[in-house]
Amino acid sequence: MPATSTMIGALLGLGTQMYSNALRKLPYMRHPWEHVLGMGLGVVFVNQLVKYDAKLKEDLDKILAKSKAANESRYLDDDED
């Protein structure tokens with residue numbers, strides 16, 4: 001997964017920079033270092049997004065497990081009364 005997200009981020013950054021140059025009616029490769037910078041920022045953004053999504057899923061699983069345990073204990077305790 002890291003290679004896929006890295007490639008997606010690089011393409012996102014490159015595409016954004018080329019689109020920006022196209023809107024301004026500049027040559028696509030006017031400043032190549034801007035493309036490299038855009039690719040780097042895209043890679044960082046997408047990799048952080050993937051990490052955030054994984055952490056969010058982990059936190060959700062913890063909350064759901066805690067809620068399930070609370071519900072089970074509440075309903076099992078009610079049956080004993």
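**Notes on the predicted model**

1. Let me start at Pro2, which is exposed, with a relative accessible area of 60%. Please keep in mind that this is a predicted model. Pro2 sits in helix 1. In sequence, Pro2 and Val43 are 41 residues apart, while their C-alpha atoms are 10.0 Å apart in space.

2. Next, the length of helix 1, which covers residues 2–23.

3. Which residues of helix 1 are buried? They are Ser5, Gly9, Ala10, Gly13, Gln17 and Asn21. Viewed down the axis of helix 1, the buried residues fall within an arc of 145°, and therefore they line one face of the helix. Ala3, Met7, Leu11, Tyr19 and Leu23 are exposed on the other side of helix 1.

4. Do look at what comes after helix 1 as well. The helix is followed by Lys25, which has a positive phi, near 55°.

5. There is a nonpolar patch on the surface, formed by Leu12, Phe45 and Leu49. Together these residues have about 300 Å² of accessible area. Of these, Phe45 lies in helix 2, residues 32–80.

6. Now to the charged pairs. How many salt bridges does a search of the whole structure find? The search finds three. As background, side chains of opposite charge can pair when their charged atoms come close.

7. One of the salt bridges joins Asp59 and Lys55, with the closest N and O atoms 3.3 Å apart. Both residues belong to helix 2 and are four residues apart, about one turn of the helix.

8. Asp61 is partly exposed at 41% relative accessibility, whereas Lys57 is exposed, at 55%.

9. Finally, the side chains of Lys62 and Glu58 form a salt bridge, 3.7 Å from N to O. This pair too lies in helix 2, four residues apart, or about one turn of the helix. Lys62 counts as exposed at 52% relative accessibility, and Glu58 as partly exposed at 44%.

Methods. Residues numbered from 1 in each chain as written. Predicted model: local features only at pLDDT ≥ 70, side-chain atom pairs only at ≥ 80, totals over all residues. Heavy atoms only, no water. Helix = DSSP H or I, 4+ residues; strand = E, 2+ residues; numbered from the N terminus. Expected span 1.5 Å × (residues − 1). Buried < 20%, exposed > 50% of the residue type's maximum accessible area, 1.4 Å probe, protein only. Arc of directions from axis to C-beta. Patch = residues over 30% accessible without salt bridge, like charges linked within 9 Å, V, L, I, M, F, W, Y side chains within 5 Å. Areas by Shrake-Rupley, 256 points an atom, 1.4 Å probe, with all protein chains shown as cover. Salt bridge = Lys/Arg side-chain N within 4 Å of Asp/Glu carboxyl O.
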